[in-house]
Amino acid sequence: MLAPADGLIELRRPAGRPAEFIVHLRLTDVHVQRVPFPGRVVAVETAGRGHFYPDDPHYLTGVQAVTTIDSALGVYRVRQITTLITRRLETYLEPGRAVAAGERLGRIRLGSTVILELPGDWEALVAPRQKVYGGLTPLARAKAA
């Protein structure tokens with residue numbers, strides 16, 4: 001599973017929810033997001049309300065685009081989240097389309113946050129605060145059953 005964006009990585013494993021690989025984009029990062037693993041696009045939806053600064057407790061509930069992809073390793077989601085300053089984002093994919101790893105998924109104007117939600121059990125291949133590159137840096141691999 002490749003990084004969906006350039007930035008600094010944060011790992012979260014919320015109880016009862018998919019593992020989350022959070023990429024924090026900085027102003028100096030490339031702001032194009034990429035497909036982490038090949039599959040078929042199931043849905044591209046807008047979710048959330050409001051625009052917040054990243055340190056606000058409501059930040060992860062703000063306006064975002066959620067791209068859901070069905071892959072050989074299960075269904076995963078890429079969430080592009082806006083901020084109070086970066087209110088514009090674009091997605092390039094449509095439901096039903098087959099996608100390849102590294103293909104352009106969309107972009108967030110000026111930067112923000114991208115979250116990759118992975119189902120099942122995954123082994124992280126990156127460390128917290130590590131610099132990752134979209135479509136290039138391996139983030140995780142599925143653990144053998």
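Predicted model: local features only at pLDDT ≥ 70, side-chain atom pairs only at ≥ 80, totals over all residues.
**Notebook: salt bridges, strands and surface**

Residues are numbered from 1 along each chain as its sequence is written, and side-chain values use heavy atoms, with hydrogens and water left out.

**Entry on salt bridges**

I counted as a salt bridge a side-chain nitrogen of Lys or Arg within 4 Å of a carboxyl oxygen of Asp or Glu. The whole structure holds 11 of them by this search. Glu117 meets Arg17 in one, at 3.7 Å from N to O. This pair joins distant parts of the chain, since Arg17 sits in the loop between β1 and β2 while Glu117 belongs to strand β10, 100 residues apart. I took strands (E, at least two residues) and helices (H or I, at least four) as DSSP runs numbered from the N terminus.

Arg17 also forms a salt bridge with Glu20, where the closest N and O atoms are 3.5 Å apart. Arg17 is partly exposed at 44% relative accessibility, whereas Glu20 is buried at 1%. I then traced a network of salt bridges that links Arg12, Arg17, Glu20, Arg79 and Glu117.

I next examined Asp121 and Lys143, whose salt bridge has its closest N and O atoms 3.9 Å apart.

**Entry on strands**

I treated two strands as paired if DSSP finds at least two bridges between them. Strand β2 (residues 19-24) is mostly covered, with 5 of its 6 residues buried. It pairs with β1 (residues 7-12) in the antiparallel sense over 5 bridges, and Ile9 has Val23 in β2 as its bridge partner. The hairpin of β1 and β2 has 6 residues between the strands, and there Gly16 takes a positive phi near 75 degrees. β2 also pairs with β10, antiparallel, over 6 bridges; in β10, Val114 stands opposite Val23.

I then looked up an open sheet of 3 strands, in the order β3-β9-β7 with antiparallel pairing. Its edge strands, β3 (32-34) and β7 (89-91), each pair on one side only. The pairing of β3 with β9 runs over 3 bridges, where Val32 has Arg107 in β9 as its bridge partner.

**Entry on loops and surface**

I checked Arg129, which lies in the loop between β11 (122-124) and β12 (131-132). Its phi is near 70 degrees, a positive value in a residue other than glycine, and Arg129 counts as exposed at 60% relative accessibility.

Last, I found Leu110 in the loop between β9 (104-108) and β10 (113-118), partly exposed with a relative accessible area of 48%.

Terms used:
Buried < 20%, exposed > 50% of the residue type's maximum accessible area, 1.4 Å probe, protein only.
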